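Dear colleague,

I am handing over the structure below, and I would be grateful if you could look through it beside the notes that follow.

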Amino acid sequence: MSIIPSTLFGGRRSNIFDPFSLDIWDPFQDFPFTSTAISAPRSEFASETSAFANTRIDWKETPEAHVFKADLPGLKKEEVKVEIEEGRVLQISGERSKEKEEKNDKWHRLERSSGKFLRRFRLPENAKLDQVKANMENGVLTVTVPKEAVKKPDVKAIEISG
């Protein structure tokens, strides 16, 4: 049971106690401030941090693999990097460029994030790091990390004496 509604900070579903998740959480991201002093435009660094934290990635485990899915609309596969770092860390990063501004343009709203994003996940021991595959289709990145087959222990019958 949650004391804070899940919709209050952007409806994030990640668990802060999950040892495999290394994402950064900004508790004030998307918070509806009313004061004009507080709601002044953020610095360039803050907007990059926001883009960093806003990249939503689902991670599911099947009997055969760990599957990561990220919605990256408008990005080409050349603009996204998938890497395995030391310590069994899967890193997904990239950059979404700002839209070119024309001199006569008058912006009414700017909600799509731009800037760099980076997400990191510590992979479990059973991940086959040498067989990771990534695929990008229709703005959805899918990274599949196969798992080693669980070896069932050999059962040996022992005769009971007595």
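Two strands are taken to pair if DSSP finds at least two bridges between them, and strands themselves (E, at least two residues) are DSSP runs numbered from the N terminus. This is a predicted model, in which local features need pLDDT of at least 70 and side-chain atom pairs count only at pLDDT 80 or more, while totals for chains, interfaces and linings use all residues. Residues are numbered from 1 along each chain as its sequence is written, and side-chain values use heavy atoms, with hydrogens and water left out.

With that in place, there is an open sheet of three strands in the order β3-β4-β5, paired in antiparallel fashion. Because β3 (80–85) and β5 stand at the edges with a single partner strand each, one side of each is left without a neighbour in the sheet. Neighbouring strands of this sheet are turned by 15° against each other on average, direction ignored, where the axes are lines fitted to C-alpha atoms and angles run from 0 to 180 degrees between N-to-C directions. Six bridges join β3 to the antiparallel strand β4 (residues 89–96), and Val82 has Ile92 in β4 as its bridge partner.

Turning to the aromatic rings, the structure holds three aromatic pairs; rings of Phe, Tyr and Trp (its six-membered ring) pair if their centres lie within 6.5 Å, with planes under 30 degrees apart counted as stacked, over 60 as edge-to-face and the rest as tilted. The Trp59 and Phe121 rings are edge-to-face, because their planes stand at 80°, with the centres 5.8 Å apart. This pair links distant parts of the chain, since Trp59 is in strand β1 (residues 57–61) and Phe121 in strand β5 (residues 115–122), 62 residues apart. Trp59 is partly exposed at a relative accessible area of 27%, whereas Phe121 is buried at 3% (buried means under 20%, exposed over 50%, partly exposed in between, with a 1.4 Å probe and protein chains only). Phe68 and Phe121 form a tilted pair, 5.2 Å centre to centre with 50° between the planes, and ring pairs link Trp59, Phe68 and Phe121 into a cluster.

Lastly, Val132 lies in the loop between β5 and β6 (133–137) and is partly exposed, with a relative accessible area of 25%. Leaving aside neighbours within four places in sequence, Val132 is in contact (heavy atoms within 4.5 Å) with Ile84, Val143, Thr144, Val145 and Pro146.

Conventions. Helix = DSSP H or I, 4+ residues; strand = E, 2+ residues; numbered from the N terminus.
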